[in-house]
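I'm opening my notebook on a new structure today. I'll jot down what I look up, one topic at a time.

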Amino acid sequence: MHSRTFFLLAGVLLAGLARAGDPAIGEKMVKEHACATCHQRLVGGDGSALYTRSDRKVTSKAKLGAQVSFCSTQLKTGWFPEDEEHVVAWLNHRYYHFK
């Protein structure tokens, strides 16, 4: 294989791995799994205060990913890592705005 072809293929593969989740898919998943129900029990209202409270535990995109993974495990959603990435993308787009 020529080095040029190798680097082209490597770039395509890495681009696929680096792809971020889709916020629209993440929003749908959050609604389908009724995440707000648990959040309402924790903070009241519509549950969104969990994301916006001043003492929130999620202070980085990495922590957001860890929290989504924790919730997914606790609720036995059956989400794959790429599913969790969609949820992280939506939460980050909607509430957190991490870089």
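Is A34 buried, partly exposed or exposed? I looked up the accessibility of A34 and got a relative value of 37%, so I wrote it down as partly exposed. Before going further, a reminder to myself that this is a predicted model.

I then checked where A34 sits, and found it in the loop between α2 and α3, with α3 covering 35–43.

K76 turned up in my search as well: again not a glycine, and again with a positive phi of about 50°. I traced K76 to the loop between α5 and α6. Its relative accessible area is 70%, so K76 goes down as exposed.

**Entry: the overall plan**

How many helices and strands does the chain have? I counted six helices and zero strands. Reading from the N terminus, I get α-α-α-α-α-α.

I also looked at burial over the chain, which has 99 residues, and 28% of them are buried. Next I took the contacts between residues at least 6 apart in sequence, and 63% of these join residues at least 24 apart.

**Entry: α2 against α6**

I wanted to know how α2 (residues 23–32) lies relative to α6 (residues 81–96). Their axes come within 7 Å and cross at roughly 100°. Angles from 65 to 115 degrees count as roughly perpendicular, so α2 is roughly perpendicular to α6.

Which residues make this contact? On the α2 side I listed P23, I25, G26, E27, M29 and V30. On the α6 side I listed D83, H86, V87, A89, W90 and H93. Sorting the residues of this α2 and α6 contact by type gave me seven nonpolar, three polar and two charged.

**Entry: α5 against α6**

Who meets whom here? From α5 I wrote down K61, L64, G65, V68, S69 and S72. From α6 the partners are E84, V87, V88, L91, N92 and Y96. The residues of this α5 and α6 contact divide into six nonpolar, four polar and two charged.

I zoomed in on G65, which belongs to helix α5. G65 has a relative accessible area of 26%, so I marked it as partly exposed. G65 and E84 are 19 residues apart in sequence, and I got 7.4 Å between their C-alpha atoms.

A66 is in helix α5 too. At 47% relative accessibility, A66 counts as partly exposed. I checked A66 against E84 as well: these two are 18 residues apart along the chain, with 9.5 Å between their C-alpha atoms.

How many disulfides does a search of the whole structure find? I got zero.

I went through two cysteines by hand. For C35, the nearest cysteine sulfur is that of C71, 7.2 Å away, and C35 is in no disulfide. For C38, the nearest cysteine sulfur is again that of C71, at 6.5 Å, and C38 is in no disulfide. The cut-off I used is 2.5 Å between the sulfur atoms.

C38 comes out at 25%, so I noted it as partly exposed.

My last stop was L50, which is in helix α4 (residues 49–52). Its relative accessible area is 17%, and since buried means under 20%, L50 is buried.

What is L50 in contact with, leaving aside its neighbours within four places in sequence? I found H39, L42, V43, R56 and Y96. I also checked L50 against Q40, which is 10 residues away along the chain, and their C-alpha atoms are separated by 8.5 Å.

Key. Residues are numbered from 1 along each chain as its sequence is written. This is a predicted model: local features need pLDDT of at least 70, side-chain atom pairs count only at pLDDT 80 or more; totals for chains, interfaces and linings use all residues. Side-chain values use heavy atoms; hydrogens and water are left out. Axes are lines fitted to C-alpha atoms, for helices over the stretch in contact, and angles run from 0 to 180 degrees between N-to-C directions. Helices (H or I, at least four residues) and strands (E, at least two) are DSSP runs, numbered from the N terminus. Angles under 35 degrees count as roughly parallel, over 145 as roughly antiparallel, 65 to 115 as roughly perpendicular and the rest as oblique. Contact means heavy atoms within 4.5 Å. Ala, Val, Leu, Ile, Met, Phe, Trp, Tyr, Cys and Pro count as nonpolar, Asp, Glu, Lys and Arg as charged, and the others, Gly among them, as polar. Buried means under 20% relative accessible area, exposed over 50%, partly exposed in between (1.4 Å probe, protein chains only).
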